[in-house]
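Dear colleague,

Please find below the structure that I am handing over to you. My notes on what was found in it follow directly after.

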Amino acid sequence: MARHGENIRKRKDGRWEARCICGYHENGKAKYKYIYRKTYAEAKAAKNQLISQQLTNESCDEKNIYVKADFNVLLTDWMNSIRMNVKESTYSRYTVIIDRHIRPELGNIPVSDLTSEVIGQFTVKMLVQGNLKKSGGLSPKTVSGFISVIRLALNYGVKKGYECSDHLVIQNPRQNVPKIQILTWEEQKKLESTLFEDDTNISLGIMTSLYLGLRIGEICALRWEDFDIENGILYVQKSIQRIPDLSYDPAAGNRGQKKTKIIIDAPKTSCSARKIPIPSFLIPFFKKYQADGGSFILTGSPDYMEPRRYYRKYKNVMKKCGLEHFNYHALRHTFATRCVENNFDIKSLSEILGHANVSTTLQKYVHPSISLKRQHMDRLENISICGQNCGHIS
């Protein structure tokens, strides 16, 4: 079973063979070194270690390594350089993108041959037939993520001396602005009535997102020790997500090891770690469910509930009140919109939502309703001669 784009394959004798470039002949043809290990993970790790040693060894021919390297070498070098500086979830996501999509298509191409046209062809292929689970392509948003990784790696390559062009024009695929889901006042009232009737920890989680704007991963990671009930403050400090387990060995078979794992880490960005004032009307609601500090609010125990399971329970609640078409993020959108409708200070709202700047709040999350837009438009009557006299027109 070959790992396309990685030059790693399983031999008939059961061992895994990894191949990497260790130099070039005078005619420009690559010299290869072969590594043999018992497992795929060990072979890949040994290969990456060898490449890293080649790149840092003073005695190696930097001209061969940097100038004539293929994209696989640059990708490995870049990933090694960022490993200690990015979150585990980010590194895992980059690894999956590179191993599943970028290496198979672009990995064996010399860095000097990576032109705007080549990357453009890769983009089109991903949009048309890049889906590995079923026929068809991937969304423009997903492919834009691939392009961002390629751009980061090439920028690193330019700084390190690889033969990368620093004049490449790399276009992201055009994306349609997704329609934001927002509950109307009537739908929100219907949801709240159902939550009070159900009276469960799941209802508590949904109500917290609806009135404090938390993301689903933040809700799942929330413990009672994060609440300062007496002073009415909620501290958002963690988030739960499921990520690919990079230690997974595909040759191990069914030995209990899973391809993914749950991590509890700092939230999405540094700005996402925040403290939120709790509205006074919610204090009795929280006191009703309050448990030991180490307990998660969704379970009332030291055991967490992962986002996938919580989302299924959320959908059951929404189905019960006829609102099953709303995704979980609609609660956050609804919270932001209600705040704007009630004349919230945008800077304060931005910090409550955990955004890096106010423009993100305005552009991405805050979408006033048509009724609010109408109220603003009707204010033009005060400055309009037509508006001031229209009542006199018979």
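The lining of the largest cavity consists of four nonpolar, two polar and three charged residues. Here Ala, Val, Leu, Ile, Met, Phe, Trp, Tyr, Cys and Pro count as nonpolar, Asp, Glu, Lys and Arg as charged, and the others, Gly among them, as polar. A cavity is a set of points, on a 1 Å grid over the protein atoms alone, where a 1.4 Å probe fits but cannot get out; a pocket is an open set with protein on both sides within 12 Å along at least five of seven lines, and lining residues have an atom within 4 Å of a point.

Please note that this is a predicted model, in which local features need pLDDT of at least 70 and side-chain atom pairs count only at pLDDT 80 or more, while totals for chains, interfaces and linings use all residues. Residues are numbered from 1 along each chain as its sequence is written, and side-chain values use heavy atoms, with hydrogens and water left out.

**Overall picture**

The protein contains 16 helices and eight strands; these are DSSP runs (helices H or I, at least four residues; strands E, at least two), numbered from the N terminus. Of its 394 residues, 42% are buried. Buried means under 20% relative accessible area, exposed over 50%, and partly exposed in between (1.4 Å probe, protein chains only). Among contacts (heavy atoms within 4.5 Å) with a separation of 6 or more, 62% join residues 24 or more positions apart.

The largest cavity has a volume of about 70 Å³, where a volume is the space filled by probe spheres set on the grid points, which are joined across faces, edges and corners. Its lining is formed by Asn7, Arg19, Cys20, Ile21, Lys47, Ile51, Asp70, Asn72 and Val73. Strand β2 (16-24) and helices α1 (40-56) and α3 (71-82) each give two or more residues to this lining, and the largest share, three residues, comes from β2.

The largest pocket holds about 1,600 Å³ of space. Which of its 39 lining residues are the closest to its centre? They are Arg93, Lys141, Gln241, Lys268 and Lys364. Two or more lining residues come from each of α4 (88-106), α6 (140-160), α9, β6 (239-244), β7 (260-265), α12 and α14 (358-365). Helix α4 provides the largest share, seven residues. By class, the pocket lining has 14 nonpolar, 15 polar and 10 charged residues.

**The nonpolar cores**

In soluble globular proteins, nonpolar side chains tend to be buried together. A nonpolar core is a set of buried Ala, Val, Leu, Ile, Met, Phe, Trp, Tyr and Cys residues joined through side-chain atoms within 4.5 Å. The largest core has 49 residues, of which Leu191, Ile206, Leu214, Phe227, Leu234, Phe286 and Tyr310 touch the most other members. At least two core residues come from each of α7 (185-198), α8 (201-212), α9 (216-221), β5 (233-236), α10 (283-289), α11 (307-320), α12 (329-341) and α13 (346-353). A second, separate core has 41 residues, including Trp16, Ala46, Val143 and Ala153.

**Individual residues**

Arginine 338 belongs to helix α12. With a relative accessible area of 9%, arginine 338 is buried. Its side chain makes a polar contact of 2.8 Å with the side chain of glutamine 188. A polar contact is a pair of N or O atoms within 3.5 Å; within protein, one must be able to donate a hydrogen and the other to accept it, and residues adjacent in sequence count only if both atoms are side-chain atoms.

Aspartate 199 sits in the loop between α7 and α8 and is partly exposed, at 37% relative accessible area. Its side chain makes polar contacts with the side chains of lysine 288 (2.8 Å) and tyrosine 289 (2.7 Å). Lysine 288 is 89 residues away from aspartate 199 along the chain, and their C-alpha atoms are 10.0 Å apart.

Most residues other than glycine have a negative phi. Aspartate 199, however, has a positive phi of about 55°, and asparagine 343 has a positive phi of about 60°. Asparagine 343 lies in the loop between α12 and α13 and is exposed, at 67% relative accessibility.

Yours sincerely
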